[in-house]
Amino acid sequence: MIDQLLEPWQFAFMQNAFLAIIIVGITSGIIGTFVVLRGVGFLGDALAHAIFPGLAISFITGGNIIVGAVIAAIIVSLLIGALSQHQRVTNDTAIGVLFVGAFALGIALMTSQTAFQRDLTSFLFGSILGVTRENLVTITVVSAMLLAVLYYFRREITTISFDRTFAAATGLHIWRYDQLFLILLALTIVAGLQIVGNVLILAMLITPAATARLLTDRLWLMAALSAMIGAFSGIVGLYVSWYQGIASGSAVVLTATVVFFLAYLFAPNTGIITPRARRALHHPNPEHHDPVDASSMLHKP
Amino acid sequence: MLSTPASAESVRTVNSSDPLLATDHLSIHYGARSALNDVTLTIEPGTVTSLLGPNGAGKSTLLKAFAGVAPPSHGSIQFRGATLKRPHPDITYIPQRSGAEWTFPISVIEAVLLGLAKRTPRFRGFNTQERQRALDALGHVGMLPLADIQIGALSGGQQQRVFLARALVTCGDVLLLDEPFTGVDVPTQDLFLDLFESLSRQGITIIFATHDIEHTVRSANRVILINNRIIADGPPADVLSDDVLSRAFQGRIMIFGQDHGRLDEAGIQL
């Protein structure tokens, strides 16, 4: 058992992959908390696809992939913001148009170079073999930077996520913070791209955070739990990928999905099964209410 | 002259003759629609003013203008003699409650602390003193026992109390409230009326928008009747006479007893 756990660690590329997925799991778990709370999953999906032309161009020209992706992400996020300023273009529409358009452009660029067919697959679905020491350094630096920025603006981002009307009333520039959040989101996606892949990175943003939301009513605890679940899913997923020979991205995402459903069914307070089992155990009379339960003092709106 | 953000304190002492809050021929348009037309008024410190009018009359727009979030199309707004172009820290605006994400994982006290976010240094959390201020504010609105509850578990009236606490915690000199009595239970309405009275005794200026005559009569010492422009302005006893109201609304208003009249339900067709 111990041997099996240690085996992948003998290889430098697997060490890189493990460290990378832990960092990506933590970062996407924390940023994903705000993606889930703001209900902007579609935007995350869109960004993940829209950075594709940046990847393709840097790949073809031999430039740094992460730099290319970040530039593409910033361009696309600013374009989403700019397009949705138009009275007849909703935010969703702007995202949809740019998302598919940019993705198609990326595929067009990639397939114009027949030599990159294999790399296309690894970008779409992730590849543990692809993580170099240099990539690991970039992922670490990018993640540290974006978490530092998130920490610095935590109150503003919390305020605009919780109550936009109040945020505007206190003079916060909502548009600027929305753009900032988009850029942070794009950087998170880029950091996770190599391991999880373009298509599945959305799950790293949504699933751990959604799981954490089932477990707590506290924002920062949710972010912390989400980071832990993300890292845990990453580690377990990589082992599964190693031993079962399946794509690393899908193994990681499937692990996170299983964790989500476990929480969905068995979460201490909100699980579908747990409260019933507990009620049956402790309160045979269904009319009985716990006297210290706040919900008995309050009525839901 | 450069519009430097001179400290509010110095402006107040230097130009003590300036009115606290004033508009000068203020008009606000949303696209082609005129929300507010040629409004000129001044607000005295420590007063409680009710902006009364039917839905869509421009009450909320005028509040937003005072809050610095609705830019004038024509005319201007002055706060302590200086033109108001953006939200001012001494003016606290409480929007109608629909803006918040109720499922957000935030407790009552954390929501109140967000009111202090701008004044708290970035590299530390909220300290004991700030928490105490938040708790005090919650005490004022009778929400102290529920400080640690997730905000979505509260009733509409309780949520509105929390938002009032979030405003009180910053101790602004001017409090702007948009429909504070709407969708709120009677005990909360009474609590708000009491609070308005004690806050105005402390010198805080309160302006609220409502379509409710009863609450206007009970709390305001000035009523501004609005329907796109100012229709009447004065003490409630003068403005809310049947005579003025029926003249203002071209005789198309019926008031079912002064105490319970609500303009929007009173059959106004404007």
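1. A salt bridge is a side-chain nitrogen of Lys or Arg within 4 Å of a carboxyl oxygen of Asp or Glu. By this rule the structure holds 13 salt bridges over all chains.

2. This is a predicted model, in which local features need pLDDT of at least 70 and side-chain atom pairs count only at pLDDT 80 or more, while totals for chains, interfaces and linings use all residues. Residues are numbered from 1 along each chain as its sequence is written, chains are lettered from A and ligands numbered from 1 in the order in which they are written, and side-chain values use heavy atoms, with hydrogens and water left out.

3. Chain A contains 15 helices and zero strands; helices (H or I, at least four residues) and strands (E, at least two) are DSSP runs, numbered from the N terminus. Of its 301 residues, 49% count as buried, where buried means under 20% relative accessible area, exposed over 50%, and partly exposed in between (1.4 Å probe, protein chains only).

4. Ile66(A) is found in helix α5 (residues 65-83) of chain A. Its relative accessible area is 9%, so Ile66(A) is buried. Beyond its neighbours within four places in sequence, Ile66(A) is in contact (heavy atoms within 4.5 Å) with Thr138(A), Val142(A) and Val190(A). Val142(A) is 76 residues from Ile66(A) in sequence, with 9.3 Å between the two C-alpha atoms.

5. The contact between the chains takes 30 residues from chain A and 40 residues from chain B. Chain A and chain B bury about 3,000 Å² between them, 62% of it on carbon and sulfur atoms. Buried area here is the accessible area (1.4 Å probe) that two parts lose on being put together, summed over both.

6. Two salt bridges are found across the interface of chain A and chain B. In one, Asp163(A) pairs with Arg166(B), the closest N and O atoms being 3.1 Å apart. On the side of chain A that touches chain B, the elements that give two or more residues are α8 (133-152), α9 (154-162), α10 (164-169) and α13 (219-244) of chain A. Of these, α9(A) gives the most, with seven residues.

7. A salt bridge also joins the side chains of Arg122(B) and Glu156(A) (2.6 Å, N to O). This pair crosses between chains, from the loop between α3 and α4 of chain B, which holds Arg122(B), to helix α9 of chain A, which holds Glu156(A).

8. Leu116(B) lies in the loop between α3 (108-113) and α4 (128-140) of chain B. Leu116(B) counts as buried because its relative accessibility is 2%. Leaving aside neighbours within four places in sequence, its contacts are Phe126(B), Glu130(B), Arg133(B) and Val169(B). Thr170(B) is 54 residues from Leu116(B) in sequence and 6.2 Å away, C-alpha to C-alpha.

9. Within chain B, Asp233(B) forms a salt bridge with Arg222(B), with 2.8 Å between the closest N and O atoms. The pair links distant parts of the chain: Asp233(B) is in strand β10 (residues 229-234) and Arg222(B) in strand β9 (residues 222-227), eleven residues apart. Asp233(B) is partly exposed, with a relative accessible area of 38%, whereas Arg222(B) is buried, at 16%.
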